[in-house]
Structure formats: structure tokens, C-alpha cells
Amino acid sequence: LTKGFSIDEQYSVLLFIKQGSNAETYRVKGPDGKLYFLKLFNYAKLHRSAFDSENNLLEIELLKKQGEIEKLAKKLYNRTQIFFMGRGLDASVSFEGSLKLKEISYINSFAIAAGELKHGTIALMEPETIAIALATQDRLYEKMVSNIQEVITREARVVAITKEGNNSMESQTKEVIYIPACRDAITPFLSIIPLQLFAYYVAKEKGENIDKPRNLAKSVTVE
């Protein structure tokens, strides 16, 4: 939790993530902070310090790719619909990336677990449809490549996010964003960053008010 919200009064035990205040409605610190907290809670009795050090170094390396992501946003900011897909942990990150994009750019974005692609969503793939595909999970990589091939067969345009070393992805699509190679458990901390930056730069290109998106509230007070 973050201090200062009415939910504070409803529980006897509270765990604050201490992420600091959010001046803007568009929030990236909230989901990121909760993700970090849960992971650190899980690692507390094992190797927390090692996890902190590894994760920080990888994130610093990834942030060097901001220019690459901004260029991609300049190419795609005028699209009216963008799909996100992934498997396992990547599916959850896809939903967060889609949410951030629609919140501040107002593009109709849609996320799906890639294993469910044939249950309807595949019918929406057509020439020049944009699909952002996350393929960062080693054990699911080949299955994700198969999903990407299905989308490309429909002449959709795929932007892939995968780990450094998975160079075979370039045989599927030329638009690949690499995150540093790491353990699968750490990938959500890294793969969410290019998606958040992409949403930011798309909204910026469209001239939208990123800090004050329309029709959004920082807290919901009515059902």
C-alpha cells in the first residue's frame, strides 16, 4: 500500500511499499512498487541483497535503450489499435503494458495470453495490425515464437521483446527490443520498462497530457 489512502483505515495489518508520492494520475510507481515488494518478500530469507544488486544493474543497462523505444513510438503513435501478448509471466506484463498505453495515449490496446490467441483474437490479425509480443521466458520461448509466426502469417507487424542472446527472433521480425539476459523470475522487472516508456513516448508524440489523462482518478470512491 501507499500511505494516505482511505483503505488504510480498513485493515489492522498494513505493509507499505514506501514508493513516494505520485503527483500524476498515470502511475508506474504503483504497479512497479508492488511487484518489487512481493519479489523481495519472497526472497527475504534467501538472497535479497544479491537480488537487489542484480536487478538494479540490469535496469540501468536497459534504460540505455530509451532512444530506441522513442524511435519506435514515433513510427507507431498514429495507430488506432495495438495488441499485446505473452505467455506465463509475460502475459501479466502484457496486460500492464496495454493498460498504460490506453490510459495516456487513448489507443485501443488489447492484451491476451498468447496461448489463447486462437480463441478469437487471431481473427483480428490483418495486414499492418501491430502486435507487441513478449518472449522473455526461456521455458516458453519456442511456444511464443510459434504464436508470433501465426500472427506474421496474417501479415501483422510484430514488435518483439526478448532477452539478449535470443538472436533467432530477428528471423521472425526486424523490430526487436532486447532486455538484458537474466533469470526468468526477474524478467517482469525489466520487460515492463520498455512498455512503460513506449506508452509515454506515444502519448508525447500525440501531444496528450501525460500527467493528467482524461476520465481517470487516482482513487475510486464509488462502486
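Leu 76 is found in helix 3. Helices here are DSSP runs of H or I with at least four residues, strands are runs of E with at least two, and both are numbered from the N terminus. The model is predicted: local features need pLDDT of at least 70, side-chain atom pairs count only at pLDDT 80 or more, and totals for chains, interfaces and linings use all residues. Residues are numbered from 1 along each chain as its sequence is written, and side-chain values use heavy atoms, with hydrogens and water left out.

At 0% relative accessibility, Leu 76 counts as buried. Buried means under 20% relative accessible area, exposed means over 50%, and partly exposed lies in between (1.4 Å probe, protein chains only). Neighbours within four places in sequence aside, Leu 76 is in contact with Ile 130, Arg 157, Val 159 and Phe 198. Contact means heavy atoms within 4.5 Å. Leu 76 and Glu 205 are 129 residues apart in sequence. In space, their C-alpha atoms are 9.6 Å apart.

The protein chain as a whole has six helices and five strands. Along the sequence they follow the pattern α-α-α-β-α-β-β-α-β-β-α. Of the 223 residues in the protein chain, 47% count as buried. Among contacts with a separation of 6 or more, 69% join residues 24 or more positions apart. The accessible surface of the protein chain comes to about 12,100 Å². Carbon and sulfur atoms hold 52% of that surface. These areas come from the Shrake-Rupley method with a 1.4 Å probe; for residues, only the protein chains shown count as cover.

In soluble globular proteins, nonpolar side chains tend to be buried together. A nonpolar core is a set of buried Ala, Val, Leu, Ile, Met, Phe, Trp, Tyr and Cys residues joined through side-chain atoms within 4.5 Å. The largest such core has 34 residues. Within this core, Ile 82, Leu 101, Ile 132, Leu 195 and Phe 198 touch the most other members. Elements that give two or more residues to the core include helix 2 (48-62), helix 3 (66-76), strand 1 (81-86) and helix 4 (89-105). Strand 3 (130-135), strand 4 (157-163), strand 5 (176-179) and helix 6 are also among them. Helix 6 gives the most, with eleven residues. A second, separate core of 21 residues includes Phe 83, Leu 117, Tyr 141 and Val 145.

Ile 132 has contacts beyond its neighbours within four places in sequence. Its partners are Ile 82, Phe 83, Phe 84, Met 85, Val 159, Ile 161, Leu 195 and Phe 198.

Helix 6 spans residues 187-206, 20 residues in total. From first C-alpha to last it reaches 29 Å, close to the 28 Å expected at 1.5 Å a residue. The expected span is 1.5 Å times one less than the number of residues. Helix 6 is mostly covered, with 16 of its 20 residues buried. Just after helix 6, Gly 207 takes a positive phi of about 75°.

The structure holds two aromatic pairs. Rings of Phe, Tyr and Trp (its six-membered ring) pair if their centres lie within 6.5 Å; planes under 30 degrees apart count as stacked, over 60 as edge-to-face and the rest as tilted. The rings of Phe 83 and Phe 110 have centres 5.9 Å apart and planes at 75°, so this pair is edge-to-face. Phe 83 lies in strand 1 and Phe 110 in strand 2 (residues 108-113), so the pair ties together parts that are 27 residues apart in sequence. Phe 83 is buried, at 3% relative accessibility, whereas Phe 110 is partly exposed, at 40%. The rings of Tyr 200 and Tyr 201 have centres 5.1 Å apart and planes at 75°, so this pair is also edge-to-face. Tyr 200 is partly exposed, with a relative accessible area of 33%. Tyr 201 is buried, at 9%.

Tyr 106 is found in the loop between helix 4 and strand 2. Its relative accessible area is 22%, so Tyr 106 is partly exposed. Arg 214 lies over the face of Tyr 106, at 3.7 Å from the ring centre. A charge sits over a ring if NZ of Lys or CZ of Arg is within 6 Å of the ring centre and within 35 degrees of the ring normal. Phi of Tyr 106 is near 65°, a positive value in a residue other than glycine.
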